[in-house]
Amino acid sequence: MTEHIYNFKEIESKWQKRWEEKKIFKSDEIPSKKKYYLLEMFPYPSGKIHMGHVRNYTIGDVFARFKKMQGYNVLHPMGWDAFGLPAENAAIKHGVHPVKWTMDNIAYMRKQLKMLGLSYDWEREIATCHPKYYKWSQWLFLKMFEKGLAYRKKGFVNWCSSCQTVLANEQVEDGLCWRCESVVIQKEIEGWFLKITDYAEKLLKGCEKLASGWNERVLIMQKNWIGKSYGTEVDFPVEDSDKAIKIFTTRQDTLFGATFMCMSPEHPLASELGRGTKQENAVKKFAEEIASEDKKMRSAEETEKKGVFTGRYAINPMNKEKIPVYLANFVLIEYGTGAIMSVPAHDQRDFEFARKYNLSIRVVINPPDKNLDAKTMSEAFAGEGYLVNSGQFNGLNSKDALDKIGDYLKNNKIGKKTVNYRLRDWGISRQRYWGTPIPVIYCDTCGVAPVPYENLPVILPTDIDFPTDGKSPLVNNEKFIKVKCPKCKNDARRETDTMDTFICSSWYFLRYTSPRYDDYPVKNEAVKYWMPVDQYIGGIEHAVLHLLYARFFTKFMADIGLASTDEPFTNLLTQGMVVKDGAKMSKSKGNVVDPDDIIDKYGADTARLFILFTSPPEKDLDWSDHGVEGAYRFLNRVWRLVTECRMRNAECGIKDNSESQIQNSELRRVTHLTIKKVTEDIEKRFHFNTAISAIMEFVNVLYQNSEFRIQNSEFRKAVNTLIILLSPFAPHIVEEMWEMMGNKGSVIKESWPSYNPEFIKSEEITIIVQINGKVRSRLTVNTDISDDDLKNTVLSDIKVKEWTDHKEIKKFVMVPKKLVSIVI
């Protein structure tokens, strides 16, 4: 290799091979050494990595390398979230078997990730579609079944007709399937559920524990999704029936004002109430219409309130009044009981509905300063006040009435105080092929029989043909379906639904601690050493879906003795998107930049440096071709600096003399200032962009005074420090430069430098003076100069006076030890 030419292709190939041969990034449990578990959310093997992947994994890699050089025993694994619809859709569309499609994609994406120089321990690689992985997903399902946390029921689900499968609430975005963007409808089918609601309170309390390390926005999203509220359950008997409509309310102080009821069209009683009445057809038609509407939009404030009378009445248990029962679009089956009492005088949504359908409005709370008239009200009154038209509770403050009415309901067996959660049990049944088989057998004699543990895994058959109608091929696969009942040994049939793929990603981080362990999902000693994950990195779009499920699984595994912690991720970083031309990169927008093209033209180190320098991780990154070229030029500049340092030192030898002492002192000060800045920006703030900027400034200093840099040992130390500081960001080129400087071994084996506070002190500093936003002067002053003295010094400066004499100074702003800004 010609040393003075930066041949990134040869350099990157050389060091990737050497890292692999020497197993530089292999990790083992070392009890005597402090551990650091860093993890990025693993990818779906879609075919090729995109710039979003590059950003996510490069951010993680910087921190993994940094912590390794700080002396930590770092676990930094990679794997594949390999089950999912795209593989199955590809099989239907192109005739490629999901196994081949998935494995080919994994092979290609693995190659791409290795080309980026990412510090993964590839010996821990997992793929969730491998039987040795999904065996343990099935094992965990059976454990949940044993504990009563996995159960089967019939209910309304989100159904994508295009994908022919059920979707969790979190997988429906604006009424569309998150995968194919088809309209999602409500469909009643039977399926398997996990009782995540049993962990609602634990999940909520855990949010407080995570407050110091998680993005507040994510925690708020999780708290809102869990949705805890205190209130009362009340039964409203249906007239001329033995049925009752149960409601949950946080405003039992308004019970006397309930003048009608509203139910979700998906409520179990919805169709029954209308049956045999003149409204039967209208009820059926309304329910079908609402089934295809987006649930979020249905309950949004701006959405038109729609409803239909069921033809039946309920009895208000407080005043025995007969009130009509409606189906309404804004009532969701997922929240509360799927039915509400409607108090139009004190709820704006109910008020609008009552006005639209000409329903009765009764005031039961007056504000302190006036009496309300239902006939003249223009909006609902939802504030605090005093009860009226409320029988024995008249005159009570509405807040005081909450408990008193709650006690009355309990004592008269009309209702009870309770806590309600918005969170609903997790429906995991998917009518698809490419997923983990649910380990259950159906027997006409024994009913539901779990597959015995010793018979796991239930293997997903690969010798199948895909029907063109999009239905799962398992439904008609007799070889898979037919099985003997494990209890009575009679003929039985397997479950043909597969698990939601979020099951796979809900515990993979635990499997990484012992990925080849065959006795249990995790090895006790390994999980105790490595867990929890110290730093988790991924997109905020997973705030509710993946992160909530992962917390649920971890808590369950802790309860059965498989996890050493009940929270999986101590710290969470949610990175921004990569955008180009003002929009997120996507094939449909034609603004995708292929990482392979960038690596081929500029090298992986340039791609990494640009990604890290352009924007802080939590912000969106705006792609710039010029920015990529700038990163490439900078690496070439560093290369030339190190090459010259090596060549000249070899020719002249290293000399120190008394004349160089001043330069030595200043260079040492700048070196230690840079160490401090880069270390703090990486460790405390994840501000890789400002860390790189500090390194660039350091390079500028090193380029000053060519004679000094040729012959001075302090300069050589500074260059070696530069190489180490740059190593997490551009690992290939620094390995080569480290070797060029005559150092032994890999730079990743070096200790991260620490700064000496004594060395960064300076008796003088340079103050930049701006006038109306433009630099007009630079002044050298003592570090301890007072604000008044600094102001006088600035205003006395000749260059400043040229601009300020005979002018009104409107503003004089001082940024300590950096600049003065004057507005005239």
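The model is predicted, and local features were taken only at pLDDT of at least 70, side-chain atom pairs only at pLDDT 80 or more, while totals for chains, interfaces and linings use all residues. Residues are numbered from 1 along each chain as its sequence is written, and side-chain values use heavy atoms, with hydrogens and water left out.

The C-alpha trace of the chain spans about 105 × 80 × 50 Å along its principal axes. Its secondary structure comes to 26 helices and 34 strands, where helices (H or I, at least four residues) and strands (E, at least two) are DSSP runs numbered from the N terminus. Of the 824 residues, 54% count as buried (under 20% relative accessible area, with exposed over 50% and partly exposed in between; 1.4 Å probe, protein chains only). The chain exposes about 37500 Å², of which carbon and sulfur atoms supply 48%; accessible areas come from the Shrake-Rupley method with a 1.4 Å probe. Among contacts (heavy atoms within 4.5 Å) with a separation of 6 or more, 72% are accounted for by residues 24 or more positions apart.

Helix α3 (residues 85-94) has Leu85, Ala87, Glu88, Ala90 and Ala91 as its buried residues. The cover over these residues includes α4 (98-115) and β6 (165-167). Gly95 follows α3 and has a positive phi, near 75°.

Asp620 lies in the loop between α18 (604-613) and β30 (621-622). With a relative accessibility of 42%, Asp620 counts as partly exposed. Apart from neighbours within four places in sequence, Asp620 is in contact with Arg55, Gly576, Met577 and Ser615. Arg494 is 126 residues from Asp620 along the chain, and their C-alpha atoms are separated by 47 Å.

Helices α23 (residues 713-726) and α24 (residues 731-740) pack at an angle of about 155°, with their axes 9 Å apart. This angle makes α23 roughly antiparallel to α24 (over 145 degrees; under 35 counts as roughly parallel, 65 to 115 as roughly perpendicular and the rest as oblique). Axes are lines fitted to C-alpha atoms, for helices over the stretch in contact, and angles run from 0 to 180 degrees between N-to-C directions. On the α23 side, Asn720, Ile723, Ile724 and Leu726 meet Val734, Met737 and Trp738 of α24. By class, this contact of α23 with α24 has six nonpolar, one polar and no charged residues (Ala, Val, Leu, Ile, Met, Phe, Trp, Tyr, Cys and Pro count as nonpolar, Asp, Glu, Lys and Arg as charged, and the others, Gly among them, as polar).
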